[in-house]
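Please keep the sequence and the structure in view while reading.

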Amino acid sequence: MTWIESLQNTSIKTATSLALSDSSFSYSEMLNLLQGAAKGGITQTEFSDLTSIYKNSIDFFSNDYVKNITYNVILGNTANSTWWGGAKGISDTSVLGDMSAGSSQLHAERLIGKWFLGLDLPMPLVGGDTANAEASRGVYDYGDATGALFVNGIAATDIAQGSVGTCYLMAALGAVAHTSPQTIRDAIIDNGNGSYGVRVFVDEQSVYTTVNQSLMVMPFSNRVVAAHDYGSGASLNGELWVSLLEKAYAQLNSQVNIVERQPSQWNQENSYQAIEGGAGSPLRQFTNLGYDQYALANYYNPAGKTYSASNPSTYKAQIIEALSKGAIGYLASYKTLYNSSGQMTLIGSHGHMVLGYNAETDKFIIRNPWGGPESNSRRVLQFELGIEEFWNKQVNPILWLTTSKSTVSFDYTVVSNSSNIGDATNEGELIVVTVARDNSGSESTVYFDLTP
């Protein structure tokens, strides 16, 4: 790789040469290189070298995650504007900005910490959950978790929402975990140093952030406040994936309008309060699938079709068929329902997982993401409801079901001005080859084999 010889800083050149001896830049190799360059601040020569390394190594990063976070450190990202660092108020945050020649050591270390180590913690502010009387507004601390990323697999029953108003996110993640646990695994990259890369999809493009094992806790008790492992009792030694994905979602809000709301005071804020309240968008963001929407009214759906009907039977068979084929479901309700024992089942102003359909009972299997005991005198977490029980104006349900991406096939035609021996050109003369296809859609890549 001749471009390595053009690097001017000896330390950076040596580190780059060693890292690319196997033609791959790993996470740890890039982290070490950046940390070395950050010592004493970033000079003009170092910044020029780092920029050259990225531009010449696009095909050599070990994975898309490392490529993206390296870009964000060296060449910039909108999230670089602020260092949040777990501040308890906007006034305690710091202006950061993209890397440039002359960046101080602290500036460079914070950029590296943000993208490689997950050190730019969300503000631990919670507005509460209007559907959950046990949740409350508050400002909290951070504690270091010690649990494993996954314990005994991935399941909807792993999820306990906690005090943050993210029922929509937890319901979507629980439904994904139930139907497609591999999707959860694929969303998290273990860096092996207590930090984890997390990927979501925005407009079908991968977007990444990095989280560490610091979780929002109650002061003095170290009880986890936000989403956590259902079986841990909000302990810091519980299974981590639920907590980390919620935390990542808060951090992603500083990069993109992750909740897909209209512009609001929470846009680009890295905090838990910024992601409270939402709808079906996490289904699309974690699966990269579209979703259809079923409701009484014809609501706008940015990810697919809306099927609206007042009669519960109109789309019942269609919904059952979709679930039987692996659709992932999320149900919002605007009225609380009770079972024959007086326990709450469907909760008003709340999101629920749809885990399937029971043909024997002719009812849908639904789960509340709250967590806690499966059942108490007030409510039950998992239950079954017939569509006739909740498809009415009082409940005003909205059901989201993921849909497979449509696959567009293309027929290609290839024509040249030298397509037969009669039109043959002499050596060194120009041949024009025209490739056409018969359908619209994303770009195609066409390869030519010119071997004789």
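In this predicted model, Ile188 stands opposite Val198, a residue of strand β8. The points below begin with the sheet around this pair and then turn to the nonpolar cores.

**The sheet**

- Strands of a sheet pair through backbone hydrogen bonds, in either a parallel or an antiparallel manner.
- Here, three strands form an open sheet in the order β7-β8-β9, and their pairing is antiparallel.
- The edge strands are β7 (188-190) and β9 (205-212), each of which pairs on one side only.
- On average, neighbouring strands of this sheet are turned by 25° against each other, direction ignored.
- Three bridges join β7 to strand β8 (residues 195-202) in the antiparallel sense.

**A helix on the sheet**

- Helix α4 (residues 64-74) packs on the sheet and touches β7, β8 and β9.
- The direction of helix α4 makes about 80° with that of β9.

**The nonpolar cores**

- In soluble globular proteins, nonpolar side chains tend to be buried together.
- The largest nonpolar core of this model contains 52 residues.
- Helix α6 (residues 167-179) supplies the largest share of this core, namely nine residues.
- Among the residues with the most contacts inside this core are Leu173, Tyr249 and Leu283.
- Apart from its neighbours within four places in sequence, Leu173 is in contact with Ile159, Ile184, Trp241, Leu245 and Phe286.
- A second, separate core has 35 residues, including Ala19, Tyr27, Ala79 and Ala108.

Key
Residues numbered from 1 in each chain as written. Predicted model: local features only at pLDDT ≥ 70, side-chain atom pairs only at ≥ 80, totals over all residues. Heavy atoms only, no water. Core = buried A, V, L, I, M, F, W, Y, C linked by side-chain atoms within 4.5 Å. Buried < 20%, exposed > 50% of the residue type's maximum accessible area, 1.4 Å probe, protein only. Helix = DSSP H or I, 4+ residues; strand = E, 2+ residues; numbered from the N terminus. Contact = heavy atoms within 4.5 Å. Pairing = 2+ DSSP bridges. Axes fitted to C-alpha atoms, helices over the stretch in contact; angles between N-to-C directions.
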